[in-house]
Structures are given as structure tokens and as C-alpha cells.
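User: Could you walk me through this model, a few questions at a time?

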Amino acid sequence: MSEFSLDLDEDQIQLQKWLHDFAENVIRPAAHEWDEREETPWPIIQEAANIGLYSFDFVANAFMDKSGLLMPIAAEELAWGDAGIALAILGSTLGLAGIAGNGTPEQLMEWGPQCFGTPEKPQLAAFAVSEPDAGSDVSSLRTKAVYDEAKDEWVLNGTKTWITNGGIADIHVVVASVDSTLGSRGQASFIVPPGTPGISQGQKFQKMGIRASHTAEVVLEDCRVPGHCLLGGKDKLDEKIARAKEGKRSGGQAAMKTFEGSRPTVGAQALGIARAAFEYSLEYAKERKAFGRAIIENQAIAFKLADMKTRIDASRLLVWRASWMGANGKEFTSGEGSMSKLYAGETAVYVTEEAIQILGGYGYVRDYPVERWHRDSKIFTIFEGTSEIQRLIISRAISGVHIK
Ligand SMILES: Cc1cc2nc3c(=O)[nH]c(=O)nc-3n(C[C@H](O)[C@H](O)[C@H](O)COP(=O)(O)OP(=O)(O)OC[C@H]3O[C@@H](n4cnc5c(N)ncnc54)[C@H](O)[C@@H]3O)c2cc1C
């Protein structure tokens with residue numbers, strides 16, 4: 001086990017610098033364009049692939065790092081550049097996390113690299129859980145997976161919604177219900193390999209923020225996948241379902257296992273936006289003059305910046321702690337993963353709003369990046385579990401009471 005430390009070692013500092021350079025020189029100059037275009041920024045993904053940043057190896061190394069800090073450092077720096085482009089780069093990681101959380105080591109080695117492809121042919125992955133009538137309440141998924149024993153195939157039917165990279169991904173990891181009477185304990189995750197008939201993109205959503213990240217419905221119509229695409233394998237699923245039917249503990253829920261691990265990384269992306277807005281508004285406050293003095297000389301402005309910085313640093317502490325705990329197999333006994341995402345997400349909304357206030361009218365127009373950062377920040381109180389759901393998880397964990 002690695003000791004928890006806030007001191008980055010030389011390798012981590014170098015990595016942080018490398019990521020920051022990419023964010024500053026490649027991502028940030030492209031941010032406005034891709035926000036306006038509302039399309040996947042393929043040239044940026046390609047550049048990230050060329051330098052090994054968009055790759056299975058990079059993400060696998062970051063996941064295996066026992067300090068737990070590489071993934072949050074990467075997410076913070078990329079989102080500092082631009083949150084939408086950062087999600088276009090990091091979105092495939094959620095698909096990979098779905099495989100890592102529920103699949104066998106063999107499945108991880110077979111499908112993991114395909115989530116990213118190669119520099120010659122970058123690929124995308126998606127993790128599809130949410131449905132039109134099942135967002136926060138993932139126990140009520142309607143997408144069904146039925147086993148065709150004669151062909152050793154699973155047949156998937158249903159509609160997924162709000163899926164990052166949905167329909168344009170090469171690998172879709174789909175969570176479906178195998179036995180709906182068991183709620184979330186009757187669910188399993190499936191790989192839908194590239195080129196599988198029966199999977200298609202539905203509506204593509206036009207969003208308020210993170211507009212460089214593609215979000216769409218995914219429609220599954222008699223989509224047949226081979227038996228070995230069931231993550232974890234049939235024996236394990238049968239065993240899990242049998243235990244659930246007997247009323248015993250059944251080893252966790254397919255979607256939740258993925259989200260538990262990914263929440264600190266999502267919090268780190270929120271942190272990146274907050275830091276960008278804080279740095280920008282601090283410089284602005286020193287430069288901007290009103291009533292013959294720099295606006296930062298007014299406590300009303302300086303105290304805002306003090307609060308912004310305090311909440312940003314507190315968010316980073318929560319994110320790094322949760323990420324270290326996850327990397328070292330420590331159980332989140334008080335909902336520490338949720339705390340990190342909750343606090344960093346709400347901090348990003350708060351900090352970016354204060355940044356707009358500090359810039360006044362200039363904060364409200366698209367010539368300046370601050371309004372985009374505010375639009376981008378809001379998703380961090382919604383996806384991967386809303387703030388309310390994070391509070392449910394934390395309050396249940398600390399009380400032992402099934403709070404509703
Ligand atoms: C841009 C974007 C990208 C996304 N990417 C993905 C993805 O890649 N994969 C994926 O599977 N999903 C994805 N999602 C879906 C996202 O995770 C859901 O939108 C989210 O979980 C909320 O679900 P919902 O929208 O159905 O809201 P609902 O569940 O309907 O919630 C509506 C409101 O009610 C509150 N609420 C619900 N239940 C409770 C309760 N028990 N107690 C208190 N309050 C409650 C919620 O907090 C919220 O405020 C994405 C969403 C967006 C917008």
C-alpha cells in the first residue's frame with residue numbers, strides 16, 4: 001500500500017507538466033471552436049493519440065498507479081484546458097472502467113485496448129446505463145438481455161439515453177436487466193463489439209455545456225452479442241442471480257461498481273474548470289480598474305477569490321483522498337468517492353459563477369471563456385450521480401439508515 005501524500009514526486013511533476021502543456025497549447029486554443037461546433041473534436045483526439053495520451057496504456061498505467069494521483073492530475077489538467085474536449089478525451093475511460101469493474105482480466109485485455117484504438121486509428125468507447133425512465137434510479141432499467149442458449153448469444157433490446165460517445169463509439173458497454181424481478185441485482189454488463197448489427201444512435205442532444213463531448217441516445221433492437229461479451233462470465237452471473245433469489249448479498253451492482261471508481265476522476269475534471277476560472281478571474285481582478293483602483297483592492301472581490309481558492313483546495317484534498325483510497329483498495333466507508341464528486345462539482349458551479357461576477361459584463365459574453373466554464377461546470381452536479389444522489393450515498397454510509 002502506498003502512503004497518502006500530497007507531495008508529488010519528480011515523475012508526477014513531469015507528467016503534470018506534460019499534461020498542462022498539452023492543455024495549454026492544444027486544448028485551450030481550440031476550446032471556443034469546438035464548443036460552437038458541438039462536435040467530437042477528432043483532430044484533438046488524434047493529437048492526444050499521437051503523443052500516447054489518448055491510449056489504453058496511459059489510462060491503464062494511471063489506474064494502476066498506487067499513489068492514486070495520476071488519474072486526477074490528468075483529469076484536472078485536461079479540464080483546465082477545456083472540459084468538453086477533456087471529456088471527449090476521457091469519455092472512453094468510462095467504458096474501460098465498466099469493463100475493468102465487471103469483466104475478467106482476459107476480457108479487460110481483449111476489449112480494453114479497443115476502447116482507444118491506435119494512433120493510426122483512434123477508437124471511442126461508451127458506457128451506457130441511463131434510460132429515459134431510469135437515470136438516478138438505475139435499479140429500474142428496462143433494457144433487457146435475454147440468453148439464446150442454442151446460439152450462445154445474448155439478445156439486447158432497449159433504449160439508452162444521455163450516453164457520452166453513444167452511437168459513435170466502437171465499443172459500447174451496456175448495462176441491461178437479465179432478471180427484472182431482482183432490480184439492480186438482476187443486471188449485468190455486456191460488450192457490444194464494433195460493427196454489431198442492431199445498435200444505432202438515436203437523438204443527438206444539444207447541450208448547455210461540455211458541447212465538444214458527444215451525447216446521444218443508443219437504440220438496441222435485437223442486438224445480438226456473443227456469449228463471451230457478458231462481462232464477468234455466465235457462471236458468475238448465474239451464481240449472483242441465485243444468491244439474489246435466496247435473499248443473500250449478491251456482490252454489487254454492475255453500474256455502481258463502475259461509478260464508485262470513476263467519481264474522483266469526475267470530481268477532478270470539475271476541479272480543473274474551477275481552477276481555470278479562479279486563475280482567470282484573479283488576474284482580471286488585479287488588472288481591472290474601477291473607482292481609480294484595481295477591483296481586487298475591494299474586500300468584496302478579494303474575499304470572493306479567497307473563498308474560491310479555499311473551496312478549490314478543499315475539493316482537491318477530497319478528490320486525491322478518494323482516489324488514493326480507491327487505488328489502495330480501501331473501502332469508502334463514509335461515501336468518500338461521492339464526497340469528492342459532490343464537493344468538487346458544486347465548487348465548480350460556485351467558482352465559475354463568482355468568476356462571472358468578478359468579470360462583470362465581460363463575464364457574460366462569449367468573447368471571454370468564463371461564461372463557457374460556467375455552462376460546462378453545471379453537468380458536474382448531474383452526471384455520474386446527481387448531487388442529491390451523492391448526498392443520499394454519503395448520508396446512508398455515515399448513518400447506516402436507509403435514508404430516502
Ligand atoms: C451530458 C451528459 C452526459 C451523460 N453521460 C452518461 C453516460 O455516458 N452514461 C450514462 O449511463 N449516463 C450518462 N448521463 C446520464 C446521467 O448520469 C443522468 O442524467 C443522471 O444520473 C440523472 O438522471 P436523470 O437525468 O434521469 O434525472 P432523474 O433521476 O430523473 O432526477 C431528476 C432530479 O430528481 C432528483 N432525484 C431523483 N431521485 C432522487 C432521490 N431518491 N432523492 C433525492 N433526489 C432525487 C435528482 O437528483 C434530480 O435533481 C449523462 C447525462 C448528461 C446530461
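Analyst: Happy to! Let us start with a definition: domain bounds come from an automatic or database domain assignment. The model is predicted, so local features need pLDDT of at least 70 and side-chain atom pairs count only at pLDDT 80 or more, while totals for chains, interfaces and linings use all residues. Residues are numbered from 1 along each chain as its sequence is written.

User: How many Å separate the centres of domain 1 and domain 3?

Analyst: The protein chain is divided into domain 1 (10–115), domain 2 (125–245) and domain 3 (254–399). Taken over C-alpha atoms, the centres of domain 1 and domain 3 are separated by 19 Å.

User: Which helices each supply at least two residues of the side of domain 1 that touches domain 3?

Analyst: The contact takes 23 residues from domain 1 and 24 residues from domain 3, where contact means C-beta atoms, placed from the backbone, within 7 Å. Helices (H or I, at least four residues) and strands (E, at least two) are DSSP runs, numbered from the N terminus. On the domain 1 side, at least two residues each come from helix H1 (10–37), helix H4 (70–81) and helix H5 (83–102).

User: Which residue in E7 is the bridge partner of Gly158?

Analyst: Two strands pair if DSSP finds at least two bridges between them. Strand E2 (residues 144–148) runs antiparallel to E3, joined by five bridges, and Val146 stands opposite Val155 in E3. E3 also pairs with strand E7 (residues 215–226) in the antiparallel sense, over nine bridges. In E7, the bridge partner of Gly158 is Leu220.

User: At what angle do H10 and H12 pack?

Analyst: Axes are lines fitted to C-alpha atoms, for helices over the stretch in contact, and angles run from 0 to 180 degrees between N-to-C directions. Residues of H10 including Ser338, Met339 and Leu342 take part in the contact with H12, where Ser387 and Gln390 are among the residues met. The axes of helix H10 (residues 336–359) and H12 are 9 Å apart, and the helices pack at an angle of about 145°.

Notes:
Contact = placed C-beta atoms within 7 Å.
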